[in-house]
Every structure is written in structure tokens, then in C-alpha cells.
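I opened the notebook to keep track of what I look up here, entry by entry. The entries below follow the order in which I went through the chain.

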Amino acid sequence: MGSTSTVQCLFHRDFFAVLWFNTTNYPEEDPILRYQNMKKYGAGYNSGEFDIHPNGSLIINHVLLSHEHTFKVGYAHFDSEVPTLIDVQIIVTVNPPIPFPVLENCGNATNKCYSEIDRPFIECSVRGSRPPVLLNLILRTVSGDRDISNETLTLQNGVGYTSRVTTKNLFDYSSILVLLVCKASGPPGILSEDESLALVQRSEAGLKSLEPTRVHVARNSVMELKCTGHQVGFLLWKKISSPSVPVQEILMYTVFIERKFTELFSSDFSLGTNGSLKTFISDLRHEGSYFCLFGDGETDGVTMYEVSIIVHPVPAYPVIDGCAHDECCVLEAEREGNLTCSVTGIRPMVQLEWGGLSAQDVTTISFTKHNFTVKDNGETFDLTLTAMYNILEYQIDRVTVECRISLPEVFYLSSQVDLVFAEGKFWINHRY
């Protein structure tokens, strides 16, 4: 409404005349437009309200609500022929200011969104359209669309209409995650998009009770977290960086059925194989708890990971005080004394440990008075361990001990020291 519009009609190419009537009272009233011999006539043309296309179609220069009625058009192939008359119903259309169905909680900026709700009902609406559109709310599943429309309402607001529809219980079929679609039906051109989609999660959908899979990833390496071992219809990846401040960050969601699409909210990540979450350069900011919520409209589930980023120390082994790193060293030692080792630039913070290498060594030497110090560098840690040793069996010629770090399934780092007896004293021969 308010713009120029053409009422398209297809006439025989070689017509003699076309006549348009602003009424169905023919022949009582004169035509408002006549097109004959490539000339235009009539009161409607002279006033500027109407025009006519060379193919005979009616042009309304400024569409008003008053134009919404039945017009009549007649055409003749030659001068002596009685015009063939056709009734043409004009329907005035008004495009709504938001050109797609608006799903509650999704806002007006897009017709695709993610929403987390604590109630099982959502409204969808189209405001300011003419004629009104018909709305349906459906659950999209791998087996097809399931209509869950509940109450519908249409109200006239001046020239336009407001259409509304609410859902039945969203989570009757899947308790965690559903794909909700609001579908509009109406004359072509009213809406630029006739569907709006929302991936809807039930609030606190069992996330607190999950047992995470612990994953250690080396810094600057590829990290790929698998969502699930089977095909799904849609999924959502989210992250909590800090347990003390449990703010959920939405990383991405993707839909694999019907209108397939992926929405990314972090440039650090991409969609991997079968819905996995992938980053090519892992960094400390990627530590945290990751959740993949998945479903197909009939079943659903959640996978959780606890990710820690690993930084190897430099050098990549414990350093023994008093020993060069590229050769063995011998140090004079008493029966009792101290041994010190350290690692620099390691993550996560782990424990250093002194101990015998073999079962015999373990029974030959003991370590007491452990002094463990930690320097926090912000991202990595420098660790130092000093322990007092005591030789339990004097009549021996060699004891091998090691300073070690053990983080199961991640790394095992060790430097070894041979304590060699000579002339009543002990000497230290270092190796790693």
C-alpha cells in the first residue's frame, strides 16, 4: 500500500482495445481506462490515479485501501468484436516492518536464533501485515515436522493485522533440546522469509550432574572435541571458562535437517566432522568446560569435556642443581645431604618428586624434609623441589635416584642421578 503496483494480466498479443472499469457495473459505468491504437484514455488516466501498461495490465500509481475491491477488464481483438469481460479481485497488501515471523526471546534482528528457556511455551507473531498471515508452530525432527500450535489469534490494527500463535509443551518429545519452527502462510511477497527457526534449550537441562571427560591439549596444537558418536539433527556447543564465574558462552549451533545452516559466535572455532568442535591453535583461553547438546527431535543428550592446556617446560626435563645438561657430572656427597631439581615454564602446575629408580634403590635411600616452591608466571609455573636424602645401607657402591613429574596420560618427565660410593664418600653422576 502507498506504492505503485501493477495488476498483471495476460491478453492476446494482437488485441484491439483493453478497457478497465473501477466497478463491476458494466455497461452502466464508463471505463476508467481505455487503451486503443497505442493511446490511453479515460478519467482514471487523466486524474493520474491509474495508468496502463502496453500489454494491457492495470497500473495503480498510489495504492490505497479503497482500491481493494473487484475491478472489471474487457478486451477485444478487433473493432467490431464484443469485449470479453473478466472480473479481477484486487487485494491490497501491506508488508510488515519485520519481514519474517518473530519468535519470542529471539528478537527482531534475525529469523534464526538460540534460546534457553525455563518454561515450555513460546509465542510467534507477525505484526502489521495485510492480509493477515496464518502461523503454525512446528517441531522439526528427522522424521518430519510435528505441529504443536496451540492458541492462535488475529487482530486488526488499522490497515494491518497482527497474527499470533503459541506452542503446546515444547519438551513433550525431547526434554533437553528442540528445533522450533514458526511457519507463515500468506500471499507471495508479504514476507521475505516465511520461516523462523529457534534452537531451544531447556534451562539447567541436567548439565550440573554431568561427569566430564578430561582432555589435555598441548598448547598451539589442534583440538577437536567430538559431540557424539552418531548422526544428529541439530546440536549446540557452549563453554564455561571458570567454575568460580559460571558464565555460559555460546560457541556455535548447527542444524543438519531441512534448511541446513551453522551459526558461529567465536572465530577461534569451526565445525568439524559430524558436528565436532575444532580449533587449530589451542591456547590458554581455551581451557574450561565444554558442553555439546544434541538431538534429532525425538531423542537428545549432552556430552561434557573438561579441557586443560598443556605447556611443556624448557628444557623438557627436570634440571638437577650442580649438573650440566649435556654431560654427566660427579659431585662429592656426604652420607646425608640435599638434592634439588626444578622445571621452568610448565602448565598445569604439577608435583615434583624425588625417589629411587629401581626397587633396590628405593630401599637403599630415603628422602625427607621436602621443600616445594612455586613461582606463578601468570600462564606457566616454575617449580623447585629440595629434599634431604639419607643413605640407608652404607655398604653399597651405587644408588640411582630420579627427579620426576608424572601426569597420567599427558607426560612423564624424569632426570636420573647415580650416587656412586668411592673411598667412603658418595659421588653424584647425573643423567637424564
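In which loop does Asn37 lie? I began with this residue, bearing in mind that the model is predicted, and I found Asn37 in the loop between strand E3 (33–36) and strand E4 (39–41). Its phi is near 50°, a positive value in a residue other than glycine. I then looked up the accessibility of Asn37, which is 55% in relative terms, so the residue counts as exposed.

With a relative accessibility of 65%, Lys369 counts as exposed.

Entry on cis peptide bonds. I looked up the bond from Val314 to Pro315 and found it cis, with omega near -5°; Pro315 sits in the loop between E26 and strand E27 (319–320). The bond from Arg347 to Pro348 is likewise cis, with omega near 0°, and I place Pro348 in the loop between E29 and strand E30 (353–356).

Entry on disulfides. I count 4 disulfides in the structure, and I wrote down the details for some of them.

I took the pair Cys124 and Cys182, whose sulfur atoms are 1.9 Å apart in their disulfide. The link of Cys124 and Cys182 is left-handed, with -90° about the S-S bond. Since Cys124 belongs to strand E11 (residues 123–129) and Cys182 to strand E16 (residues 177–185), the pair ties together parts that are 58 residues apart in sequence. I also checked burial, and both Cys124 and Cys182 are buried.

I went on to Cys227 and Cys292, which form a disulfide with their sulfur atoms 1.9 Å apart. Cys227 is buried, with a relative accessible area of 2%, and Cys292 counts as buried at 0% relative accessibility.

Next came Cys341 and Cys403, whose sulfur atoms are 1.9 Å apart in a disulfide. Here the torsion about the S-S bond of Cys341 and Cys403 is about 50°, so the disulfide is right-handed. Cys341 lies in strand E29 (residues 336–346) and Cys403 in strand E33 (residues 398–407), so parts that are 62 residues apart in sequence are tied together by this pair. I found Cys341 buried, and Cys403 as well.

I looked up one further cysteine, Cys9, which at 14% relative accessibility counts as buried.

Entry on a sheet. I traced an open sheet of 6 strands with mixed pairing, in the order E18-E26-E25-E20-E21-E22. Strand E18 (213–218) and strand E22 (261–264) stand at the edges with a single partner strand each, so one side of each is left without a neighbour in the sheet. On average, neighbouring strands of this sheet are turned by 20° against each other, direction ignored.

How many bridges join E18 to strand E26 (residues 300–310)? I find 6 bridges, and E18 and E26 run parallel. Across this pairing, Arg214 stands opposite Glu306 in E26.

Conventions: Residues numbered from 1 in each chain as written. Predicted model: local features only at pLDDT ≥ 70, side-chain atom pairs only at ≥ 80, totals over all residues. Heavy atoms only, no water. Pairing = 2+ DSSP bridges. Helix = DSSP H or I, 4+ residues; strand = E, 2+ residues; numbered from the N terminus. Axes fitted to C-alpha atoms, helices over the stretch in contact; angles between N-to-C directions. Disulfide = S-S within 2.5 Å. Buried < 20%, exposed > 50% of the residue type's maximum accessible area, 1.4 Å probe, protein only.
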